[in-house]
2 protein chains.
Amino acid sequence: MAQKAGPAETGAGRAVPCRALRADAERNRQRLIAAAREVFAERGLDVPIEDIARHAGVGVATLYRRFPTRGDLIAGAFEAKMAACADAGACALADPDPWAGFCGYIERVCAMQAEDRGFANVLTMTFPADKHFEAERDRAYQGFIELVRRAQAAGRLRTDFVGEDLAMLLMANAGVIAGTADAAPGTWRRFAAYMIQAFSADAAAPLPSPPAPAVMYRALLHLYQAGTRDQRRSD
Amino acid sequence: MAQKAGPAETGAGRAVPCRALRADAERNRQRLIAAAREVFAERGLDVPIEDIARHAGVGVATLYRRFPTRGDLIAGAFEAKMAACADAGACALADPDPWAGFCGYIERVCAMQAEDRGFANVLTMTFPADKHFEAERDRAYQGFIELVRRAQAAGRLRTDFVGEDLAMLLMANAGVIAGTADAAPGTWRRFAAYMIQAFSADAAAPLPSPPAPAVMYRALLHLYQAGTRDQRRSD
DNA sequence: ACGAATCTGGACGATCTATTCCGGATATAC
DNA sequence: GTATATCCGGAATAGATCGTCCAGATTCGT
């Protein structure tokens, strides 16, 4: 039976309902998430909300009821993929060769960006409203930091590499993908290979200093909100 | 006089007349270009056309009359900057140290992207309609190819570097800038430094093969047209 | 100075997207 | 089976932007 007082907590802090959804509502929620995944992956994060509702076979109102903002829908749709990202990190840590683990992880994440137009950009944003999503991102990040530590300890990763460099790489790769996904898919592989070589301890020459962690985090805050349209009339 | 050349034509024919413009019309044209430069630089290529007209102090109709499509306006506004790009290449060729010239050019172009939100994206597009613009792009590209040849001959640039890698780099840097321009400007410097190290002959390890020139060109064809909205309704 | 060619600005209609509203349908508790 | 809280879908509203049209102003040749 449905608990009406218990901490249902399916999504831990889902902004919307506290008690369990009615069966049909939950079904539609799943359909919406599935539809959003497909459509975002194929056409990016800027598709009209209505198209997603149609693709899910429900009305727009239903979508808005469950996901009041576009950010909510994006976070909901990509929670699983972000978790997969974190898992990939854990998996890379299992590699006995620290450098191979590090490189493999970079390649894996870049590949995930290439496979999903939407995810490519999601990785360069934050969704403070979705705790679960952010928790997964954090898990992924912690795993990555450990990968970095190991690879540096092994003397294969340059010592001036910092965690923020991953965010920078993901933004760059998103740019490569945006420009080449249609006409020259696969270009991202070459790009990733170049970057990995730059990260190698071998080539290490001095670099401009990286942005402070807090600063880079603020950059990620490109969350869907101010991102849409900020432009105020000028003149 | 700005332009009086050209046999009418051009098929769909630039609505732009081929004989010299009337004095007031030419004045407004210049104002529009100046306004477009400022607004594009500050807010990117997607600003409403009307804002540019307002900023120039003219009506929208005037803008449309002179630049029938957004692409025409963009090409017109950035012709000068593209020429500056080509000049930078020529300047870099004057450097007695081939590798320093190559690196300096990369940094210079990346800096130009960082300085101008609009230009960052312009560099990843083509405007077949604007012959002058494309001629400047070609001049820049030819200069770059020569820089590459010299740097490779000097043994400092990896031999598997190809011209298309520049386009790839510019797309990547555009992504970095899009993500960091507001909160962490300057990140692009670190990115550019990483890339330059990856291009160095020192670190050279095998790379995935690059896209064919024609393929990469097609990728650049992200021209303002299909770029705006292609999405047809599905389902 | 004068007329014809050219140019101008703002209003207008069309399109697209976001978001809300509400009568009717459905699931669930008893 | 029925009452009712919940949910649904499509219509309607609202706002933004595009691109065109035209009555009137401006420039240029003579």
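Guide: In this predicted model, the surface near DNA strand C draws on both protein chains: α1 (23–43), α2 (49–56) and α3 (60–66) of chain A each supply at least two residues, as do α1 (23–43) and α3 (60–66) of chain B. The greatest contribution comes from α3(B), which gives four residues. In total, 23 residues surround DNA strand C, and the closest are A:Ala23 and A:Ala61 from one chain, with B:Val58, B:Gly59 and B:Ala61 from the other. By class, the residues of this surface comprise 13 nonpolar, seven charged and three polar.

Within α1(B), the residues B:Asn28, B:Arg29, B:Leu32, B:Ile33, B:Ala35, B:Ala36, B:Val39 and B:Phe40 are buried. The elements of chain B that cover these buried residues include α2 (49–56), α3, α4 (70–93) and α6 (117–122). Just after α1(B) comes B:Gly44, whose phi is positive, at about 90 degrees.

The two chains also touch each other. Here 43 residues of chain A are in contact with 44 residues of chain B. On the side of chain A that touches chain B, the elements giving two or more residues are α2, α8 (164–180), α9 (187–199) and α10 (213–220) of chain A. That side has 23 nonpolar, eleven polar and nine charged residues. The copies meet through the same surface, since 100% of the interface residues of chain A are also interface residues in chain B. Chain A is superposed on chain B by a rotation of 180 degrees, with 0.0 Å of shift along the axis and an RMSD of 0.0 Å. This is the relation of a two-fold axis.

Finally, the chain as a whole. Chain A contains ten helices and zero strands. Of its 235 residues, 45% count as buried. Among the contacts in chain A with a separation of 6 or more, 69% are between residues 24 or more positions apart.

Conventions. Residues numbered from 1 in each chain as written. Chains lettered and ligands numbered in written order. Predicted model: local features only at pLDDT ≥ 70, side-chain atom pairs only at ≥ 80, totals over all residues. Near = placed C-beta within 6 Å. Nonpolar A, V, L, I, M, F, W, Y, C, P; charged D, E, K, R; others polar. Contact = placed C-beta atoms within 7 Å. Least-squares fit on C-alpha atoms with pLDDT ≥ 70 in both. Buried ≥ 20, exposed ≤ 12 C-beta atoms within 10 Å, placed from the backbone.
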